[in-house]
Amino acid sequence: WNKAGTSLAFVVQPAWWQSWWFQGSALLVLITISGMGIRHWAQRRLKLKLERLEHQQALARERTRIASDLHDDLGATVTQVGLMLEEMRATPSSTEEIKQQSAAISGRVLNLARDLDAVVWSVNPRNDFLGELFAYLSQSFLENFRRTSIRPRLEVMESVPDSALAPEVRHHLFLVVKEAVNNVIKHSQATEVTLSLKVVDNVLEIRIADDGRGVSPDAIARSKRHGFPNMRARVEQLGGKLEVSSEPAKGTSIRISIPSWNDLHARQQRTE
């Protein structure tokens with residue numbers, strides 16, 4: 001028995017999760033994860049905001065383009081029809097003249113209907129695919145030559161790749177083909193014309209070839225008629241190339257080639 005007592009000194013080492021280095025590391029990791037989470041959230045919000053702005057800009061551009069088409073093409077045609085009807089009303093004409101004028105007005109109205117159909121087709125999102133573009137180009141091609149003496153021929157690949165296309169891309173390609181077809185009808189004096197639509201080695205190819213009178217390469221280079229500069233500009237805007245091959249009395253061939261056709265949608269968004 002001892003009234004003074006005794007003592008024993010000892011030290012208890014903390015567990016690893018209680019050590020200062022672990023707690024400091026855990027705090028650092030927590031701060032890093034929180035920072036990354038906040039950064040990801042901020043980037044996602046910014047991305048969504050940019051997508052909304054791009055969508056709004058795309059809608060604005062599409063509305064502007066539609067308004068331009070309605071004003072330039074449809075508005076001009078409606079004005080011409082109105083003037084022709086006014087002339088018929090104001091000027092006495094024989095039965096034969098009335099028939100001729102009525103036929104001319106009928107042709108204008110049919111063109112107006114086709115132009116309006118093209119505008120509706122270009123803005124319909126269900127048509128934003130390569131297969132729909134091929135189908136519409138084929139239908140329009142045959143329809144344009146129905147009332148002419150030129151025999152149309154189609155060469156379309158059997159299995160069309162399923163790829164999305166922006167409305168602007170479809171619109172540019174349609175206008176280029178439309179201009180080429182109008183040139184064949186107005187200037188070629190051909191008996192046969194062929195539209196070829198295909199994809200070869202990831203290159204979209206559209207070719208319009210006729211057996212008409214043709215023109216010399218120098219005349220094509222010098223001429224500002226037939227819409228060749230506008231056609232070439234539209235194709236180059238899509239990252240493609242337009243080639244015109246023609247010789248007198250040997251017909252004309254227009255070849256449109258666009259590499260990486262399956263990137264057209266993304267490329268169009270980047271350029272805009």
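The model is predicted: local features need pLDDT of at least 70, side-chain atom pairs count only at pLDDT 80 or more, and totals for chains, interfaces and linings use all residues. Residues are numbered from 1 along each chain as its sequence is written, and side-chain values use heavy atoms, with hydrogens and water left out. Helices (DSSP runs of H or I, at least four residues) and strands (E, at least two) are numbered from the N terminus.

**Helix 3**

- Helix 3 holds 15 residues, 130–144, and its end C-alpha atoms lie 21 Å apart.

**Helix 2 against helix 3**

- The axes of helix 2 and helix 3 are 13 Å apart, at an angle of about 180°; axes are lines fitted to C-alpha atoms, for helices over the stretch in contact, and angles run from 0 to 180 degrees between N-to-C directions.
- The two helices are therefore roughly antiparallel (over 145 degrees; under 35 is roughly parallel, 65 to 115 roughly perpendicular, the rest oblique).
- Contact (heavy atoms within 4.5 Å) involves Arg114, Asp117, Ala118 and Trp121 of helix 2, and Glu132, Leu133, Tyr136, Glu143 and Asn144 of helix 3.
- Of the residues in this contact, four are nonpolar, one is polar and four are charged.

**Aromatic pairs**

- There are five aromatic pairs, counted when ring centres of Phe, Tyr and Trp (its six-membered ring) lie within 6.5 Å; planes under 30 degrees apart are stacked, over 60 edge-to-face and the rest tilted.
- Trp16 and Phe22 are edge-to-face, 5.0 Å centre to centre with 85° between the planes.
- Trp16 is exposed at 52% relative accessibility, and Phe22 is partly exposed at 28%.
- Phe141 and Phe145 are also edge-to-face, with centres 5.1 Å apart and planes at 65°; both residues are buried.
- Trp16, Trp17, Trp21 and Phe22 form one aromatic cluster.

**Asp128**

- Asp128 is in the loop between helix 2 and helix 3 and is buried at 15% relative accessibility.
- Its C-alpha atom is 6.3 Å from that of Pro167, 39 residues away along the chain.
- Leaving out residues up to four places away in sequence, Asp128 touches Ser163, Ala164, Leu165, Pro167 and Arg170.

Notes
The expected span of a helix is 1.5 Å times one less than its number of residues. Ala, Val, Leu, Ile, Met, Phe, Trp, Tyr, Cys and Pro count as nonpolar, Asp, Glu, Lys and Arg as charged, and the others, Gly among them, as polar. Buried means under 20% relative accessible area, exposed over 50%, partly exposed in between (1.4 Å probe, protein chains only).
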